[in-house]
Amino acid sequence: MNIVEKNRENILYYEFEIFKKLGFINHLFSSKIGWNIENTIYNVSKILNVPESNIISLKQIHSNHIEIMDENLKDYGKITGKEGDGLITNIPNIVLMTYHADCVPIYFVDTKKKVIGLAHGGWRGSFDNISGKMIKTFVSKFDSNPQDLLVTIGPSIGPCCYEISKDLGESFLERYGDFEGIIMERHNKTYLDLWKLNYLQIKKSGVLDKNIISSNLCTSCNINKFHSYRREKGTKDRMVAAINLF
Ligand SMILES: [Zn+2]
């Protein structure tokens, strides 16, 4: 398994094996078991062992806008609530957090420079290549070598369930014609593979194949563990992705 289930006092969450071995980051992906909107920040703070005031999240707008927190930023608390869908930092004990119900959580770690990032990639953000833009930002702002990056793709809606319109499928094929298998036709319906799209964007940005790990967990198929915006017809409930350096 690329991703493992953890259970702490009846709170279920997930961790990527590849990150656990690093020894300088904590991270998680939450579930619907033991989590609700009221206790999310408390649970993240407890599990990652970081004060609640150090948990940073954006107002997600399905964009490819990225906010950076480094030593030049005097008050990182001001980042919370700004609009955007990607966060990057090299400051320890700052938790980057994004909200998800089907949209793809993408975690980035520069294992040499000790820089971390987190992105929220729904179809719009993925269409606008937020994954590629994250890696470009690591390179331009932190002098990262893409070959030192580990990138993971967390639980989100899979190609099994993510039906889109024919027109949208055409738009993806126009922009990503060289990406084989991102659009599928089944029983006269069109499906988008957001996992493969992000994987190919990450690979094209110079990250090594072996350093891109997908959980391959579909939120819509695993409705007993996850919220799914599609399956639950517009739920307001969300899981969170979270990561911090320590
Ligand atoms: Zn599915």
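Two strands are taken as paired if DSSP finds at least two bridges between them. In this predicted model, an open sheet of 3 strands has the order β11-β13-β12, with antiparallel pairing. Strands β11 (163–164) and β12 (183–186) each have a single partner strand and stand at the edges, so one side of each lacks a neighbour in the sheet. Helix α5 (residues 166–175) packs on this sheet, where it touches β11, β12 and β13, and its direction makes about 45 degrees with that of β13. Strand β12 is joined to β13 (residues 189–192) by 4 bridges, and Ile 183 has Leu 192 of β13 as its bridge partner.

A further open sheet consists of 6 strands in the order β1-β2-β3-β15-β7-β4, and its pairing is mixed. Its edges are formed by β1 (3–8) and β4 (55–57); each has a single partner strand, so one side of each is left without a neighbour in the sheet. From one strand to the next, the twist averages 30 degrees. Strand β1 pairs with β2 (residues 11–16) in the antiparallel sense over 6 bridges, and the bridge partner of Glu 5 in β2 is Tyr 14. Helix α2 (residues 40–48) lies across β1, β2, β3 (25–30), β4, β7 (95–100) and β15 (239–245), and runs at about 35 degrees to β15.

The largest nonpolar core holds 61 residues, of which Val 95, Leu 96, Met 97, Phe 108, Val 151 and Ala 242 touch the most other members. Helix α6 (residues 194–204) supplies the largest share of this core, 6 residues. Apart from residues up to four places away in sequence, Val 95 touches Val 44, Leu 48, Val 50, Asn 54, Ile 55, Ile 56, Ala 242 and Asn 244.

Technical notes:
Residues are numbered from 1 along each chain as its sequence is written. This is a predicted model: local features need pLDDT of at least 70, side-chain atom pairs count only at pLDDT 80 or more; totals for chains, interfaces and linings use all residues. A nonpolar core is a set of buried Ala, Val, Leu, Ile, Met, Phe, Trp, Tyr and Cys residues joined through C-beta atoms within 7 Å. A residue is buried if 20 or more other C-beta atoms lie within 10 Å of its own, exposed if 12 or fewer, and partly exposed in between; C-beta atoms are placed from the backbone. Helices (H or I, at least four residues) and strands (E, at least two) are DSSP runs, numbered from the N terminus. Two residues are in contact if their C-beta atoms, placed from the backbone, lie within 7 Å. Axes are lines fitted to C-alpha atoms, for helices over the stretch in contact, and angles run from 0 to 180 degrees between N-to-C directions.
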